[in-house]
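The structure is shown first, and the description follows.

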Protein chains: 2
Amino acid sequence: MHDDRKRSGFKSRTRVEDARERLLAAADPHGRTERVALTRADGRTLAERVTAPNPVPGYDRAAMDGWAVRAADTFGASDRSPTVLRAAGDADVAVGPSDAARVHTGSALPDGADAVVMIEQTERVGDDVEVFDAVTEGENVGDAGEDVEAGQSLFEPGHALRPSDLGLLKSVGLDRVRAFEPPTVGVVPTGEELVQADPGPGEVIETNGLTVSALVSRWGGVPTYRNVVTDEFSALRAAVQRDLTKDVIVTTGGSSVGERDLLPEVIDELGEVLVHGVALKPGHPVALGVVEDTPVVSLPGYPVACIVNAVQFLRPLVKHVGGMDCPPLPRREVRLARKLSSEPGVRTFARVEVREEDGEQVAVPTRTSGSGILSSVALADGWVVVPESQEGIPAGERVEVEQWEWSA
Amino acid sequence: MHDDRKRSGFKSRTRVEDARERLLAAADPHGRTERVALTRADGRTLAERVTAPNPVPGYDRAAMDGWAVRAADTFGASDRSPTVLRAAGDADVAVGPSDAARVHTGSALPDGADAVVMIEQTERVGDDVEVFDAVTEGENVGDAGEDVEAGQSLFEPGHALRPSDLGLLKSVGLDRVRAFEPPTVGVVPTGEELVQADPGPGEVIETNGLTVSALVSRWGGVPTYRNVVTDEFSALRAAVQRDLTKDVIVTTGGSSVGERDLLPEVIDELGEVLVHGVALKPGHPVALGVVEDTPVVSLPGYPVACIVNAVQFLRPLVKHVGGMDCPPLPRREVRLARKLSSEPGVRTFARVEVREEDGEQVAVPTRTSGSGILSSVALADGWVVVPESQEGIPAGERVEVEQWEWSA
């Protein structure tokens, strides 16, 4: 008796790290690259190591407003007994003995000069310049290559370009870089109960595909948000086959072990299931596989479970396939206001709100009564990860809140 | 004598908070809104408070796979003496006394039923269902509105939408939201030494405008990256006037007190200078003003100073004008590997690299020898903010590294 019991659980659950490792090992970076203008390159991923073709600055330059001089001419100058030099006009002329040429911060140092006297240490008197302090060779001069030397290595492949990087790349004389094309991702929501709007009894509005598509965009991928596919083997198989031209396929729903959970079987028939069931909560019924070299992430249909798994598996996969580095998520360390419970051996993602209590920022767990509660994640500020080795976290401990949806 | 000395410094420097406050007080949110489809709304800023038109779930639903029943029918059921109910077909039918209807997790609870017996606690025998355990009213049932109640307030104006928010908004029956239009920003690089490429002696490649434009985009604004304007009063005045149709004007270069630093004078002639000179380092020579209701941020030309000031003043201004919340930047707490020096009374932004040393993440100050060193910021992982009240930070202290360019 109780035949159904066997179907209700997973025999074993893979640890998060192992599952991720197996998935990434089975997926290759797509390797497609393109040349991108710096004005459009923010957030793009370098496909090449970049070294500086030119030094910055490209020439010795004045580091202060003042007069370019030969340092030796100023030796012995003081407030009481200024050295008098000849004002040699603008900075383009060469500076000879006893000459001084007016320079502004950043101007090229005129030929012949080897130091700059700050304007405050001088006074112009007719065609003369009185110098009230001595300078040494190189004083107030920025050397060519002081910021970046020619040939200096700046960035490695995989680096996601940031605004200041664009400035640096331009300053060394580049106007384009070779970047990886953004990886393409087929996003396939599944479930016979799903509708796009106006749900009747027993119907549910599709949200996972929308959320996952927006996440994929944030992570540097290009999502194609497909129509809902119903829970039929042939329809699901066709949906997976349609997106084998993509770099990654992600499905939502139908990833568990119930009679309507057909995705693992579909992946198994078309390719290989690498992992089915992961020791994490909420969201253990995730399936990871590969079909004809295209990695497939089959996320559970419960919205919170779907998001937790997307961050754990889809994010590193999109980064890996797109040749991108996968930086850690931003974290905030705060005190835990109430205890968190968790099961040992299972990595638990506890949604929290960060609030001020008694003048201190604290993490307050949100309702955790189910992986279906989308509001528990959308209205949270992040989650606290309770590692497998721990059984809960007592109130009052300092914890790190992972801000998995932070934006600038 | 020493007439020039007076020109070389600022009489006083405004504290960062005061400067920011004065700037924001002089700028109004633009208030323009538009309706945006949820599929295009990630990162957009809500212009309205959103309340849920419909509850989620919209109906009572099964929280488990199993059989929907009247709880009273199961009282007394046990492994040894199961209760026998009549299998009533699919979930659409009403459940009468001694009926049981097969339901899946998430299905609407059939009329008449008030509980769900888990599949593991049952066995199907022909047209009968044996129930091995009693359930109480409401057991394994998710109530309508359990996740979100109708009329529940979800988000306030100013909230920047995140992927999971889109799912939540869709789940309550919305397909569009009213969002603020992105604020428009004229980005005007200035400086007679600036060229776009191939610098000759004394020429410098323009980088600040490129970097600031990319930052503005990241912060939710729409930049217009203008051509370089030379250091002439009439040219600078025309450049400011041209962009009075924008929500914000930002210039780079010419913001100090030298003879070529004309921006403060231009702002003064056309409107009002609110702040000139701020007690921060690197980058004190920033000017903040307003011309015909358009706020103007005049950033210094040194690349690092430019970026530091952009993050301190332009970011909150763009957010304020665009009606957006301005969340704190992500931070990472690590140990400081070497001491940082700073001047008391001045807020110092010390660029650091975060590295692993002896198995621990530590912050290592990058070269700090000047505000012109773009590589010190582009190659850094963030900066440590040394507050005005402190004179440096000793090695070994725990510090927060602000990751001002973090991306997902």
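Angles between helix axes run from 0 to 180 degrees between N-to-C directions, and those over 145 degrees count as roughly antiparallel, whereas those under 35 degrees count as roughly parallel. The model described here is a predicted one.

With that convention in hand, the packing between the chains can be read directly. Helix H4 of chain A, residues 208-218, packs with H3(B) at an angle of about 160°, their axes being 8 Å apart; H4(A) and H3(B) are therefore roughly antiparallel to each other, and their crossing is right-handed. On the side of H4(A), the contact is made by A:Asn208, A:Leu210, A:Thr211, A:Ala214, A:Leu215 and A:Arg218, and on the side of H3(B) by B:Pro163, B:Ser164, B:Leu166, B:Gly167 and B:Lys170. Sorted by class, the residues of this contact are 5 nonpolar, 4 polar and 2 charged.

A helix pair within chain A can be set beside it. The axes of H1(A), residues 16-25, and H7(A), residues 303-321, come within 10 Å and cross at roughly 30°, so H1(A) and H7(A) are roughly parallel to each other, and H1(A) passes H7(A) in a right-handed crossing. Here A:Val16, A:Ala19, A:Arg20, A:Leu23 and A:Leu24 of H1(A) meet A:Gln312, A:Phe313, A:Pro316, A:Leu317 and A:His320 of H7(A), a set that divides into 7 nonpolar, 2 polar and 1 charged.

| Helix pair | Angle and axes |
|---|---|
| H4(A) and H3(B) | about 160°, axes 8 Å apart |
| H1(A) and H7(A) | roughly 30°, axes within 10 Å |

Turning to the interface as a whole, 68 residues of chain B are in contact with 68 residues of chain A. On chain B, the elements that each supply at least two residues to the side touching chain A are helix H3 (163-171), strand S15 (204-205), helix H4 (208-218), helix H7 (303-321), strand S22 (331-336) and helix H8 (374-378). Of these, H3(B) gives the most, with 8 residues. The residues of that side of chain B divide into 29 nonpolar, 21 polar and 18 charged.

How are the two chains related? Chain B can be laid on chain A with an RMSD of 0.1 Å by a turn of 180° and a shift of 0.0 Å along the axis, which is the relation of a two-fold axis. In chain B, the C-alpha nearest that axis belongs to B:Pro330, 2.9 Å from it. Because 100% of the interface residues of chain B are also interface residues in chain A, the copies meet through the same surface.

Methods:
Residues are numbered from 1 along each chain as its sequence is written. Chains are lettered from A and ligands numbered from 1 in the order in which they are written. This is a predicted model: local features need pLDDT of at least 70, side-chain atom pairs count only at pLDDT 80 or more; totals for chains, interfaces and linings use all residues. Two residues are in contact if their C-beta atoms, placed from the backbone, lie within 7 Å. Helices (H or I, at least four residues) and strands (E, at least two) are DSSP runs, numbered from the N terminus. Ala, Val, Leu, Ile, Met, Phe, Trp, Tyr, Cys and Pro count as nonpolar, Asp, Glu, Lys and Arg as charged, and the others, Gly among them, as polar. Copies are superposed by least squares on the C-alpha atoms of residues with pLDDT of at least 70 in both. Angles under 35 degrees count as roughly parallel, over 145 as roughly antiparallel, 65 to 115 as roughly perpendicular and the rest as oblique. A crossing is left-handed if the near helix is turned anticlockwise from the far one by less than a right angle, and right-handed if clockwise.
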